[in-house]
Amino acid sequence: MSTAIPGEDGLARCPWGLSTPDYIAYHDDEWGRPVRDDRGLYERLCLEAFQSGLSWLTILRKREGFRAAFSGFDPEKVAAFGPSDVERLMADASIVRNRAKIEAAVANARAALDLPGGLAETVWRYADPDPPAYADTVDVPAYTGASKALAKELKKHGFRFVGPTTAYALMQACGLVDDHLTGCHRHGAYR
């Protein structure tokens, strides 16, 4: 089924949000809730990049390991990482050990610090004030014109691993769009 369906508690949710207790908690308490600070957006941007080609559940279950490994996703601390930190991270089984993604996280911290106005201001310029509402997952796009433009701007400022699909996943996760299905109990909760 690709429309919102009720869980054991009777609350209708997006179907992906019912598959595991981890997803239920993430769906209900975090996904789509507006994130408006640089650190929070940097963390989610990094995690979305690490997720590329993997299951989000893998990233979600390793999130605390990522937070510990990446100094709480403090951009100033991560921007100071050097080659020895990259090697340390490559040996850390609590995260996804992909050199290109690790190096991108460090480069993205540096790029985030150089953004005029900061990461949050840059990202939130692409929020859709009146996003479309979807009743079925088959209608939810993988990317949009806004996510293409956001990815292009971030790349222009030196960000890596941030194509239109990753940018759209960031927009969904951080409340720039409301992609909770119309039958989901969280649809419209943050507008």
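Predicted model: local features only at pLDDT ≥ 70, side-chain atom pairs only at ≥ 80, totals over all residues.
Helix axes are taken here as lines fitted to C-alpha atoms over the stretch in contact, with angles running from 0 to 180 degrees between N-to-C directions. Two packed helices are described by the angle between their axes and the distance between the axes.

On this basis, α1 (21–29) and helix α3 (residues 56–69) pack at about 85°, and their axes lie 11 Å apart. Angles of 65 to 115 degrees count as roughly perpendicular, and α1 and α3 are therefore roughly perpendicular to each other. From α1, the residues in contact are D22, Y23 and Y26, which meet W56, L57, L60, R61 and R63 of α3. Five residues of this α1 contact with α3 are nonpolar and three are charged, with no polar residue.

A second pairing joins helix α5 (residues 83–90) to helix α6 (residues 99–114), whose axes come within 10 Å and cross at roughly 135°. That angle makes α5 oblique to α6. The crossing of α5 with α6 is right-handed. On the α5 side the contact is made by V86, E87, L89 and M90, and on the α6 side by R99, I102 and E103. Sorted by class, the contact of α5 with α6 has four nonpolar and three charged residues and no polar ones.

Helix α2 (residues 38–51) packs against helix α9 (residues 164–173) at an angle of about 135°, with 9 Å between the axes. The two helices, α2 and α9, are therefore oblique to each other, and their crossing is right-handed. In α2, the residues L41, R44, L45, E48 and A49 meet T166, A169, L170 and A173 in α9. The contact of α2 with α9 comprises six nonpolar residues, one polar residue and two charged residues.

Helices α2 and α9 also take part in the lining of the largest pocket, where α1, α2 and α9 each supply at least two residues. The space in the largest pocket amounts to about 490 Å³. Its lining consists of 20 residues, and those nearest the centre of the pocket are W16, W31, E48, A169 and Q172. Of these, E48 in α2 and A169 in α9 are also among the residues through which the two helices meet. The largest share of the lining, five residues, comes from α9. By class, the lining of the largest pocket divides into 12 nonpolar, six polar and two charged residues.

Definitions and conventions
Residues numbered from 1 in each chain as written. Heavy atoms only, no water. Helix = DSSP H or I, 4+ residues; strand = E, 2+ residues; numbered from the N terminus. Parallel < 35°, antiparallel > 145°, perpendicular 65-115°, else oblique. Left-handed = near helix turned anticlockwise from the far one by under 90°. Contact = heavy atoms within 4.5 Å. Nonpolar A, V, L, I, M, F, W, Y, C, P; charged D, E, K, R; others polar. 1 Å grid on protein atoms, 1.4 Å probe; cavity = no way out; pocket = protein on both sides within 12 Å on 5 of 7 lines; lining within 4 Å. Points joined across faces, edges and corners; volume = space filled by probe spheres on them.
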